[in-house]
Amino acid sequence: MIKVILHNNDQKAIIDAPVEQLPEIVAREHTMLWVDLTDPTPDEVAAIGQVFSFHPLALEDTMADDIRPKIDQYEGYAFIAFYGMTHSREGCRAHSVDIFIGTNYMVTFHDSELPVIDETATRWKQNVAALGNRGPGFLLYSLLDALVEGYFPVIDEITERAEELEESVLNGGAPLLQGNIMQLRRELLMIRRVAGPERDVMNVLVRRDPPYFGKKEVAYFQDVYDHLLRVIDSVDLTRDMLAGVLDANLSMVSYNLNVVVKRLTSSSIILMSITLVAGIYGMNFVHMPELDWQFGYLFALGLMALIGVTEFLVFKRIDWL
Amino acid sequence: MIKVILHNNDQKAIIDAPVEQLPEIVAREHTMLWVDLTDPTPDEVAAIGQVFSFHPLALEDTMADDIRPKIDQYEGYAFIAFYGMTHSREGCRAHSVDIFIGTNYMVTFHDSELPVIDETATRWKQNVAALGNRGPGFLLYSLLDALVEGYFPVIDEITERAEELEESVLNGGAPLLQGNIMQLRRELLMIRRVAGPERDVMNVLVRRDPPYFGKKEVAYFQDVYDHLLRVIDSVDLTRDMLAGVLDANLSMVSYNLNVVVKRLTSSSIILMSITLVAGIYGMNFVHMPELDWQFGYLFALGLMALIGVTEFLVFKRIDWL
Amino acid sequence: MIKVILHNNDQKAIIDAPVEQLPEIVAREHTMLWVDLTDPTPDEVAAIGQVFSFHPLALEDTMADDIRPKIDQYEGYAFIAFYGMTHSREGCRAHSVDIFIGTNYMVTFHDSELPVIDETATRWKQNVAALGNRGPGFLLYSLLDALVEGYFPVIDEITERAEELEESVLNGGAPLLQGNIMQLRRELLMIRRVAGPERDVMNVLVRRDPPYFGKKEVAYFQDVYDHLLRVIDSVDLTRDMLAGVLDANLSMVSYNLNVVVKRLTSSSIILMSITLVAGIYGMNFVHMPELDWQFGYLFALGLMALIGVTEFLVFKRIDWL
Amino acid sequence: MIKVILHNNDQKAIIDAPVEQLPEIVAREHTMLWVDLTDPTPDEVAAIGQVFSFHPLALEDTMADDIRPKIDQYEGYAFIAFYGMTHSREGCRAHSVDIFIGTNYMVTFHDSELPVIDETATRWKQNVAALGNRGPGFLLYSLLDALVEGYFPVIDEITERAEELEESVLNGGAPLLQGNIMQLRRELLMIRRVAGPERDVMNVLVRRDPPYFGKKEVAYFQDVYDHLLRVIDSVDLTRDMLAGVLDANLSMVSYNLNVVVKRLTSSSIILMSITLVAGIYGMNFVHMPELDWQFGYLFALGLMALIGVTEFLVFKRIDWL
Amino acid sequence: MIKVILHNNDQKAIIDAPVEQLPEIVAREHTMLWVDLTDPTPDEVAAIGQVFSFHPLALEDTMADDIRPKIDQYEGYAFIAFYGMTHSREGCRAHSVDIFIGTNYMVTFHDSELPVIDETATRWKQNVAALGNRGPGFLLYSLLDALVEGYFPVIDEITERAEELEESVLNGGAPLLQGNIMQLRRELLMIRRVAGPERDVMNVLVRRDPPYFGKKEVAYFQDVYDHLLRVIDSVDLTRDMLAGVLDANLSMVSYNLNVVVKRLTSSSIILMSITLVAGIYGMNFVHMPELDWQFGYLFALGLMALIGVTEFLVFKRIDWL
């Protein structure tokens, strides 16, 4: 699906335009244009590529489904590969957003419907109404900022789940959380691997200001850069926390083993001692005075109880039972 | 709450000024001004922002509650995000302090009452009395120095608690300290994540001397930089120590398991051996000479005691009991 | 085996040429030449080396079987050591491909038949037909791109095997997978050690454009560079996953030990308790009323059953059995 | 305590001078002066600071007891914070040595008596007699070299203790060495944290030759730099060794547990089997032919012995006992 | 022992010269000279140092027995500290080779007889005969190349031993290999610590070509540099492998413990169950019908066998025995 949003300096408003007029619109001056393609077919990509004469390698990248965030500068425009992030019950997912940014246009490709795209369009319309046209740099900033802002709820969600794991470990040790930890680690790694190269992209935008951005945009790109640093910090923090959970769990399991073995030892000793008394009075010696006592049997039972209770108390005392 | 402290070169003293006069004071020359906002409302932030015409992104950062320490240079002023640190029984906390520094003013925003702010104001008053006006660089140094100095007692507190943990591990192994270690690690990480970017901020102040600082301030900023390096060193040292405590604890738990299992083995063997004797004399063979001996029973009990004591001594010797 | 492929600007087509004419062909202008040597003999290497007057150190490298990917620039040509990757049931293998690239020729040496070489030749022929001669840079790109593209299926295969291991660990713990993990780690390391230096090679090609490549090729080399970054990312991801599998396995084994020891403890206690009853009624006291009861025997058996079942239920409840 | 050593070019000898003459001596030309303060009082520091007009921040650092090695360059002199190292039975200690170096003087502050200071003074006297005055650079080199040379015996001592630990682990596993390892690690870390920044100090001295050092001194400072690199190498090596000892110890403890559990299993099986025989012949069946045999009892004992010995041999064979 | 090898341009051959003529030879022009000192006495070092007027610090380094590989540039010559490597049954050893290289001479110091020195001399003689004089750079390359080539068999030997350890771990777990692993790790570390700084030395030779080397030598030094990179790669690979062996071993030991404990549990349950039967029929109840059965005894034995075999089969099935 192709959507064309057009800002004409004369009209001082942003309007939607039909796709068919695109070649003609591109030729006009004093226009700021945003072409957004959702889940485009190869034909649509090729058509758009021809209208703006994009480099075939960049177009190939928009079709690939697993590329690294990057910025490639071509003559007259730049290609930026970025990611949006969503999370659901099945975990978090990264959605590739490929951006071409020129002096008077921005073209975006993405596979799935992303709410941030619509939000950005809405905010752009409002901003233009309020502030007048501010060039492609400001539009690019709005989009990148919206994408990066979307990482924080995802990380918060992951951190929350990590904290639940931590709680459950400290409350008793649950060795089967291994699968959960691995899942969280994988999601954190995924974010880390997206945010790291994206930071480099923002660094390029901050340091080398291409001709189609003014000086003013640098502060804005710096802002996105700072947010990405914070994303990376948070991810590292949570990863560190997960490592701590793993350590704690291992300690817990070892501790539990100690507890169980102590109980095994204690109860073995108690039962064996009592059994020994029974064994002794089961011997067949001719001369065993206790056997003939009137209350010999009660004496034996009492002796067993005495031994059992004493040992039980001793083991209780040294915390083995 | 907004507090305005004013140093007028003519008066050679520092006076408090009412907030209402602020726009007029800012316009005056030959003045050094400190505006301090404690837990400001959005309206107060906006008002102050307008008086000094600060960049909206920087003002946004002063309202955000979790930003990375950084320095952003704008035309005519710089924005510095820094942190103060306090510790209480519940652990240590970082308090964001946002600073705008211009040629003749410093504006500070912070959410909570921080003693170091008042201390800095007091010291500034004394210094100005003693040394005359020394420009915004010296005021900024006083504040940053006071903030960073405040990290050391926090780290000392954490190190002390880590040493207690270490002691308690070496005195017997306490696997349940896992929760404590994780808490300390998290606090250290928090300090590390604040001090690292702050070091970069100081580095910028030392290397690139902005127009509103003189050459003389560099030595002072270098001093704060050195203190931050020491903060980071201490944090790393304590983290390393905690890792050692974890290792030691794991070793201790394993060692204890060995001890318990040895005791289990020893006592099982002793009790089973004695029981065996009772079992033998419980057999019903017609021809068992011992059974008819006068002191057969005593002989059996003696045999049991002999076996038990011998084994006990053997296991004692090889340190299994 | 030596194969000579020749593109003559006049003929506008690519033809195979006999080896004997090589010295004469090299002398011609307006020609683009690819000489490919499969498993060459030292004599063949020496002969080709003489025709193009390659440096003896570079020729030595083509004969060595285990060199690091690198680019060495000589006067008039560059020597590039690269690797192709194949995988089979026995694991994955790296195949050295040594490339000399000059202004109008490319010479390649490799020990084994590599499908990508033939594919590159075929694609070159098609491209020349379609696009005209594009110089040695484009030919080099085609070859390097084909080699690097070949890494992805190998990594996918390894990742798949790692995921199977992960599954099998989470489904019960299989400590003997150690050998498999070590094998996968070794293969990943091997790819990592090839891809890392290759990235540096591509970086050289992107940054310093030697005289025999035009500006246009840079975007293409950048593309290969990006793919290598992705290779390295994937390898690191899978290595991290394997580390997680190891951790999970260790946890699993510890957990299983706990389970087994709990069962040992439970069943010991149950059997010993029952045996104790039998021991008690095996005592030889003269006065033991139960012994004379009509249903004393059944009472004893019932008592045993009662104790056994009760304990069994208790242990079942606390999840020890 | 303040000691003043003076080299007057005219006298061609080094003489001790009374502290009172210091201000007058400093004013003289053609003099090389070393002022050494052992455990100075704040008043002494202030007095010396005034004579040479040192920067207040640097003087503050000389009073602080835990600063990072560094070099601060002021106008006309440099401040160097360095450390000497001593070791005794209680472990190794670092002693701060603060140095001011100017064109014709060196001032040193240290808290404790350090033998290396006296040695350096003695050597300086000898050298001046032999070689003539060689400027402050050579004197500084003599001191730094002596300080750094003093690290090697400390490291050797630590390495020796680490090797003893290693030996004792490989000879049987001693889980309680945890405390020793932590102590050694802490000492190594302490040296590492001193030597690292000192290397940076030496690097500054080698790269940027301040006006008061000649070209000739660079080779000497490079020598100290190389020694510090070697110190760091040694520390890392020993740390790595300690990590190995920890791993080895953990393995040892696990191995020992296996051995103990095998013994437990073996002896349980043997004793239980023998007891079973006794149990069988303790049954009260009316018809049990063995009971009436003449040598039934001996037969039973023999059977027990046979079973016990056989099992013992089997377990010995599979190395479980 | 001092050996002097001399190449005189007029004679076009290399001849041995007596040590006494050295001062005279050094003065001659058009000569290429190699002075090789095996295990030199301090007097010999001093004498040679005087002939070539070497810096005292460099001469000191040649006497020290444990210096880091490095290159120090002095006026008119460079000092290079390098290492040769040998391996024997007791492990591998590094042998210091100290080299002074000037415009027309090379002086080498080494403590032990090193075969590579003689090989280099022989090769030099042959090369000079074949190629004519090629200056000190080529001679230096020949020596460094020979030294570095000597590292590969040492690493191969270590890798082989590591692979044997791996094999033995995967075939059953051998916790006592700890000592072997530590030995191999120490040797690898030793090579790593030599090869790392040597790579930096080669880098200096490749980047900054001192006046006494021509452009042509750079390719050769680059070759040695590449070999050192490969050495470092191999060492890292083998270290990684050893870490894997350690992990595998730990897993193996844990797994074995599980197996042993399962066997303990199984055999305890079997023996206790059987003993229980004997205990039951050892009870002294007056009314126990089985006791009076004709084949009661056989019935009891059969019951025991039945229980034992059944349990045995069950445990076999769930793989506990």
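**Figure 1. Salt bridges between chain B and chain D.** In this predicted model, 7 salt bridges are counted between chain B and chain D. One of them joins the side chains of D233(B) and R193(D), with an N to O distance of 3.8 Å. Polar contact between chain B and chain D, with both residues at pLDDT 80 or more, amounts to 12 residue pairs.

**Figure 2. The side of chain B that touches chain D.** Helix 6 (151-170), helix 8 (217-280) and helix 9 (289-292) of chain B are the elements that give two or more residues to this side. Helix 8 of chain B provides the largest share, 33 residues. By residue class, the side of chain B that touches chain D holds 25 nonpolar, 12 polar and 10 charged residues.

**Figure 3. Extent of the contact between chain B and chain D.** Here 52 residues of chain D are in contact with 47 residues of chain B. The two chains bury about 4,200 Å² between them, and carbon and sulfur atoms account for 67% of this area. Three residues, M272(B), N284(B) and F285(B), supply 14% of the area that chain B buries against chain D, more than any other three residues.

**Figure 4. Salt bridges between chain A and chain C.** The interface of chain A and chain C has 7 salt bridges. Among them is the pair R186(A) and E166(C), whose side chains meet at 2.5 Å, N to O. Residue pairs in polar contact between chain A and chain C, both at pLDDT 80 or more, number 12.

**Figure 5. The side of chain A that touches chain C.** At least two residues of this side come from each of helix 3 (56-63), strand 4 (70-74), helix 7 (178-207), helix 8 (217-280), helix 9 (289-292) and helix 10 (296-317) of chain A. With 19 residues, helix 8 of chain A gives the most. The side of chain A that touches chain C is made up of 28 nonpolar, 12 polar and 12 charged residues.

**Figure 6. Extent of the contact between chain A and chain C.** Chain A contributes 52 residues to the contact and chain C contributes 47 residues. The size of an interface is often given as the accessible area lost when the parts come together. Between chain A and chain C the buried area is about 4,200 Å², with 67% of it given by carbon and sulfur atoms.

Key
Residues numbered from 1 in each chain as written. Chains lettered and ligands numbered in written order. Predicted model: local features only at pLDDT ≥ 70, side-chain atom pairs only at ≥ 80, totals over all residues. Heavy atoms only, no water. Contact = heavy atoms within 4.5 Å. Buried area = accessible area lost by both parts, 1.4 Å probe. Salt bridge = Lys/Arg side-chain N within 4 Å of Asp/Glu carboxyl O. Polar contact = N/O pair within 3.5 Å; in protein donor to acceptor, adjacent residues only side chain to side chain. Helix = DSSP H or I, 4+ residues; strand = E, 2+ residues; numbered from the N terminus. Nonpolar A, V, L, I, M, F, W, Y, C, P; charged D, E, K, R; others polar.
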